[in-house]
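Colleague: Could you take a close look at one part of this model, the pairing of its strands and what packs on them? I am new to this structure, so please give each term its cut-offs as you go.

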Amino acid sequence: MTAFSFTTKASHIENSLEAVGKINDSAVLTIDGENISIKTVAPSNISMCGAQIQSEAIEQFKVKGTKSQSEVTIDPSKLEPYLSPADKNDSVTLAYDEDESTIEGQISTQNLEFTLPVHVTQLSDIPETRPVEQQISRELNGFDLKQTVKLFSTIFDKDCVEFQAENSTSSALRMIAQNEYGTKISRSFEVMKPPTPGSSNYTDEDVENLSTKIGVDYLSKFEQLFGRSEMVTVHLRDSYPVRFELRLDSDLKITYIIAPRREEE
């Protein structure tokens, strides 16, 4: 029995699978209202990822209606190869057969059909990808962020990248990395849309000297995806996970949430 099915662009599915695959080899594919979501959390709970395909990009949407029939746990790396023959704008149909525990796929323009068993250990409940409200958010050029992370990961190894913001009205966001031998790199970013009162990027909270740290080696996992997004929004709050929001195009939103590195680590 088909529990749900949908049709969308190959690139939306491929990019979503790639994004969650950076975190874990298991992810939950969910019909979320009229959107399609693929979410996962790292086994260590250090990070999580959510990829959401917007309803405007979904065709031939069908679902039975109950929660158990609107989600399935998949292995992104097992599904990705079946999509490789498709051009990015080709339409791909995926259907979940609940009785057979399979994903049925079709790429009509390539005359390709496939059946993929989905006997994957289920993930526990995944938190929402929007944690407690952050104190600030800054919109950065994705390519610039990618190049900076790439530089830091080339020079440093197990050290941390520190994200700093001086106050709530400053448009500057700074990334700093340094090691015990005295090597240090610092870069300040020009934000793409300076925060203004009343906007989603503005807060009246005092965020003087606000900073948080992420391991260079961990952050480098996401540099390629950062570079494919015109804009990356970075959300910060003291002692809270950092949230990165990307759009690979207007119809696909990807959110990463990464726990800060503790000083004692």
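Modeller: Two strands pair if DSSP finds at least two bridges between them. Helices (H or I, at least four residues) and strands (E, at least two) are DSSP runs, numbered from the N terminus. This is a predicted model, in which local features need pLDDT of at least 70, side-chain atom pairs count only at pLDDT 80 or more, and totals for chains, interfaces and linings use all residues. Residues are numbered from 1 along each chain as its sequence is written, and side-chain values use heavy atoms, with hydrogens and water left out.

I start with the sheet ordered E13-E12-E11-E14. Its four strands form an open sheet with antiparallel pairing. At the edges are strand E13 (184-190) and strand E14 (210-215), each of which pairs on one side only. From one strand to the next, the twist averages 20°; axes are lines fitted to C-alpha atoms, for helices over the stretch in contact, and angles run from 0 to 180 degrees between N-to-C directions. Strand E12 (residues 172-178) runs antiparallel to E13, and seven bridges join the two. In this pairing, Gln178 stands opposite Lys184 of E13. Helix H3 (residues 142-155) lies across strand E11 (160-165), E12 and E13, and runs at about 175° to E13.

The other open sheet to follow has five strands in the order E5-E1-E7-E8-E9, again with antiparallel pairing. Here strand E5 (59-63) and strand E9 (112-117) are the edge strands, pairing on one side only.

H2 lies across E7, strand E8 (102-107) and E9, and runs at about 170° to E9. Which residues of H2 are buried? They are Pro76, Leu79 and Leu83, where buried means under 20% relative accessible area, exposed over 50%, and partly exposed in between (1.4 Å probe, protein chains only). These residues are on the same side of H2, because they cover an arc of only 70° around the axis; the arc is that of the directions from the helix axis to the C-beta atoms. The buried residues of H2 pack against H1, strand E2 (27-32), strand E6 (71-74), E7, E8 and E9.

Most residues other than glycine have a negative phi. Gln60, which is not a glycine, has a positive phi of about 45°. Gln60 is part of strand E5 and is exposed, with a relative accessible area of 57%. Asn111, also not a glycine, has a positive phi near 55°. Asn111 sits in the loop between E8 and E9 and is exposed as well, its relative accessible area being 74%.

Strand E15 (residues 231-236) runs antiparallel to E16, with four bridges between them, and Val232 has Leu246 as its bridge partner in E16. E16 also pairs in the antiparallel sense with strand E17 (residues 252-258), over seven bridges. There, the bridge partner of Leu246 is Ile254. A hairpin of two residues joins E16 to E17.

The whole chain gives the setting for these parts. The protein chain has five helices and 17 strands, and 48% of its 265 residues are buried. Of the contacts between residues at least 6 apart in sequence, 67% join residues at least 24 apart. As for confidence, the chain averages a pLDDT of 84, and 83% of the residues score at least 70; pLDDT is the predictor's confidence in each residue, from 0 to 100. Over residues 197-204, pLDDT stays under 50, and the model has 13 contacts beyond four places in sequence for them.

Definitions and conventions. Contact means heavy atoms within 4.5 Å.
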